Amino acid sequence: MRVTSKAHYALRALLDLANHEPSRCAVSLAAIAERQDISLSYLEQLFAGLRRDGLVVGFRGPRGGYRLGGRPEDISVAQITAAVSENMDTTRCQGEGNCQHGAICLTHHLWEALNEHIRGYLQGITLADVMARVTESDGSSRSGQEERIEAVEQLQGSVSAFREQTESN
């Protein structure tokens, strides 16, 4: 299992929106793209899925842009990854159970259990949690945006480390 750039960038973009949510103004994709150093065209593709799943709401016009489709406390990391079509599956058979010549392999149930743990973990973390984790743990003079990016990277590192540990066993 690997967390791809879709999940990384979608989470960063929604954290950016959440950071600007108190202003109650729509945020343009161009502004997010510039602040997060993400290609505008790639961001447009990601926002299509995020909009489809109701995680963001688009506004047209000169002051158009996007706002969160809900409160940061109600949007989970799992919802974000699902909206951008990220399949967070650790099995080789994509959960089909045909891992070894059409039958379940000896380790299938182990990887399925890991999938459930990852889904539960990501479902239990909201945008607000990621934002709060940064502000509670770091009192430096860095910007809130930089702190949030670091928190997301730490979270992704934890998932990768967990995966590597289970693969070595």
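How many aromatic pairs does the count come to in this structure? The count comes to two, and I will return to both of them, but let me say at the outset that what we are looking at is a predicted model.

Let me begin with the overall layout. The protein chain has seven helices and two strands, and if you follow these elements from the N terminus on, they run α-α-α-β-β-α-α-α-α. The chain has 169 residues, of which 42% count as buried. If we take the contacts with a separation of 6 or more, residues 24 or more positions apart account for 63% of them.

Now please look at two of the helices, H1, which covers residues 5-20, and H3, which covers residues 40-52. Two packed helices are described by the angle between their axes and the distance between the axes. Here the axes come within 10 Å and cross at roughly 80 degrees, and H1 and H3 are therefore roughly perpendicular to each other. On the H1 side, the residues that take part are Ser5, Lys6, Tyr9, Ala10, Ala13, Leu14 and Leu17, and they meet Tyr42, Leu43, Leu46, Phe47 and Leu50 in H3.

Tyr9 and Tyr42 form an edge-to-face pair, with 5.7 Å from centre to centre and 85 degrees between the planes. Because Tyr9 lies in helix H1 and Tyr42 in helix H3, this pair ties together parts that are 33 residues apart in sequence. Tyr9 itself counts as partly exposed, at 24% relative accessibility.

The other pair is made by Phe47 and Tyr66, whose ring centres are 4.9 Å apart and whose planes stand at 65 degrees, so this pair is edge-to-face. Phe47 lies in helix H3, whereas Tyr66 lies in strand S2, residues 65-68, so the parts tied together here are 19 residues apart in sequence.

Let me turn, finally, to the charged side chains. Side chains of opposite charge can pair when their charged atoms come close. How many salt bridges does the structure hold? It holds five, and I will describe some of them.

One of them lies within helix H5, residues 108-123, where Arg119 and Glu116 are three residues apart, about one turn of the helix. Their side chains meet at 2.4 Å, N to O. Arg119 counts as partly exposed at 38% relative accessibility, and Glu116 is likewise partly exposed, with a relative accessible area of 47%.

Elsewhere, salt bridges that share partners join Arg71, Glu73 and Asp74 into one network. Taking its links one by one, Arg71 forms a salt bridge with Glu73, the closest N and O atoms being 3.9 Å apart, and the side chain of Arg71 also meets that of Asp74, at 2.9 Å from N to O. Is Glu73 buried, exposed or partly exposed? Glu73 is partly exposed, with a relative accessible area of 45%, and Asp74 counts as partly exposed too, at 46%.

Definitions and conventions:
Residues are numbered from 1 along each chain as its sequence is written. This is a predicted model: local features need pLDDT of at least 70, side-chain atom pairs count only at pLDDT 80 or more; totals for chains, interfaces and linings use all residues. Side-chain values use heavy atoms; hydrogens and water are left out. Axes are lines fitted to C-alpha atoms, for helices over the stretch in contact, and angles run from 0 to 180 degrees between N-to-C directions. Helices (H or I, at least four residues) and strands (E, at least two) are DSSP runs, numbered from the N terminus. Angles under 35 degrees count as roughly parallel, over 145 as roughly antiparallel, 65 to 115 as roughly perpendicular and the rest as oblique. Contact means heavy atoms within 4.5 Å. A salt bridge is a side-chain nitrogen of Lys or Arg within 4 Å of a carboxyl oxygen of Asp or Glu. Buried means under 20% relative accessible area, exposed over 50%, partly exposed in between (1.4 Å probe, protein chains only). Rings of Phe, Tyr and Trp (its six-membered ring) pair if their centres lie within 6.5 Å; planes under 30 degrees apart count as stacked, over 60 as edge-to-face and the rest as tilted.
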